[in-house]
Amino acid sequence: MPAETAAASLTTIGTPWLWAVTILVLLGLLAVDFVITRRPHAVSMREAIGWTVFYLALPVAFGFFVWSRFGGTPAVEFFTGYVVEKSLSVDNLFVFMLLLAAFAVPAQLAQRVLLYGIVGALVLRAVFIAAGAAVLQTGTWAFVLFGAVLLVTAVKVLRDALRGGPHELDIDQMRSVRLLRRFMPVTEEYHGSRLTVRRDGVRALTPMALVVAAVFMTDVVFAVDSVPAVYGVTEDPYLVFATNAFALLGLRALYFVLHNALSSLRYLNHGLALILAFIGVKLVLHWAHGVWPVLPEVPTLLSLAVIIAVLVTVTVASLAANRRDARALAAAALDENSETRSPATSAGASH
């Protein structure tokens, strides 16, 4: 049965043994990933798909375990939170893609950079989850705070999405890069997966260290958004941690599967803005329902349905827009070719 948390009214299914097993499994999977990436190599599509399927099957199996052991409510909360975190992690992947391109990371080192980013994200999420649980135990006002954070973030994401234009990163203007360069010299070339090397008797950073630092800083930003988002689905700190862990574990492989598709999801940020705004409103309504019971709460199943509907809609809309643009480009190319041929045809006819 779910155990009461010691301090306040928050409940959790996270018994000590469940926490211990979860953390051991998580560390084991990370160890396997480090072994796999120890020898740098370009990731084939077959390898990436295999690991992606594995990391998608894990949360499904875990969700059914939660259902059989603790009932349908925490299981639905887990699946809903996982869908939210996975959708946000895709946006995280897009930023990773920009960073890898900006730092000209060699293909064989990309997965090691991603793994460093995943470990950093897991550590930060654990810290933010613990802080969020502590804040929630101080009173229901925390739901208003979390809701406000998500609504502000949603406005920012939507504004950036509507602005459009190409996404570019100037690594020389990144604070983390400038700070590291101020304190230590940086080599021009990569030295495998090493973060530092000794050059002329002086310890120097490699570009690998700079990109890892940049990825870590983006992890901080995403943790601020994602943890309140999943707390809008469930108040159970264990489920919040589990959804984050499962969503992050498969990012390394998913990156290589979606690398070419990420830029095609042109309306992804529009959808993420809607999801964040929806969960923000849900959190505020949850607080308001406790003050004015006449106001409704948003059921978890409805949240899951809305989130899936938004993700499907933005994906279909993105694919349709891409096909429309492709047809327009093909038609323009056809018109240009016909105009190029017409003078030669006319000359031949007059001859």
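Because the model is predicted, local features need a pLDDT of at least 70 and side-chain atom pairs count only at pLDDT 80 or more, while totals for chains, interfaces and linings use all residues. Residues are numbered from 1 along each chain as its sequence is written, and side-chain values use heavy atoms, with hydrogens and water left out.

Let's start with the overall picture. The chain holds 11 helices and 4 strands; these are DSSP runs numbered from the N terminus, with helices (H or I) of at least four residues and strands (E) of at least two. Of its 351 residues, 44% count as buried. Here buried means under 20% relative accessible area, exposed means over 50%, and partly exposed lies in between, with a 1.4 Å probe and protein chains only. A contact means heavy atoms within 4.5 Å. Among contacts in the chain with a separation of 6 or more, 76% join residues 24 or more positions apart.

Now to the helices. Two packed helices are described by the angle between their axes and the distance between the axes. The axes are lines fitted to C-alpha atoms, for helices over the stretch in contact, and the angles run from 0 to 180 degrees between N-to-C directions. H1 and helix H2 (residues 45-70) pack with their axes 14 Å apart, at an angle of about 175 degrees. The two are therefore roughly antiparallel to each other. On that scale, angles over 145 degrees count as roughly antiparallel, under 35 as roughly parallel, 65 to 115 as roughly perpendicular and the rest as oblique. On the H1 side, the contact is made by Trp17, Leu18, Leu29, Val32, Asp33 and Ile36; H2 brings Glu47, Trp51, Phe54, Tyr55, Leu58, Phe65 and Phe70. Sorted by type, these residues are 11 nonpolar, no polar and 2 charged. Nonpolar covers Ala, Val, Leu, Ile, Met, Phe, Trp, Tyr, Cys and Pro, charged covers Asp, Glu, Lys and Arg, and the others, Gly among them, are polar.

Next, look at helix H3 (residues 72-102) and helix H7 (residues 207-231), whose axes come within 10 Å and cross at roughly 155 degrees. That makes H3 roughly antiparallel to H7. The residues of this contact divide into 11 nonpolar, 4 polar and 3 charged. Among those that H3 supplies are Gly81, Glu85, Asp91 and Phe96, and H7 contributes residues including Thr218, Asp219, Phe222 and Ser226.

Leaving aside neighbours within four places in sequence, glutamate 85 is in contact with Arg125, Ser226, Val230, Thr243, Asn244 and Ala247.

A search of the whole structure finds 15 aromatic pairs. Rings of Phe, Tyr and Trp (its six-membered ring) pair if their centres lie within 6.5 Å; planes under 30 degrees apart count as stacked, over 60 as edge-to-face and the rest as tilted. Tryptophan 19 and phenylalanine 241 form a tilted pair, 5.5 Å centre to centre with 40 degrees between the planes. Tryptophan 19 lies in helix H1 (residues 16-38) and phenylalanine 241 in helix H8 (residues 237-249), so this pair ties together parts that are 222 residues apart in sequence. Tryptophan 19 is partly exposed at 27% relative accessibility, whereas phenylalanine 241 is buried at 9%. Both belong to one aromatic cluster, whose members also include Phe62, Phe78, Tyr82 and Phe246.

Finally, two spots around helix H4. In the loop between H3 and helix H4 (110-136) sits alanine 104, which has a positive phi of about 50 degrees although it is not a glycine. Most residues other than glycine have a negative phi. Alanine 104 is exposed, with a relative accessible area of 54%. Glutamine 111, in helix H4, is buried, with a relative accessible area of 1%. Its C-alpha atom is separated by 8.7 Å from that of tyrosine 255, 144 residues apart along the chain. Leaving aside neighbours within four places in sequence, glutamine 111 is in contact with Thr37, His41, Val43, Arg252 and Phe256.
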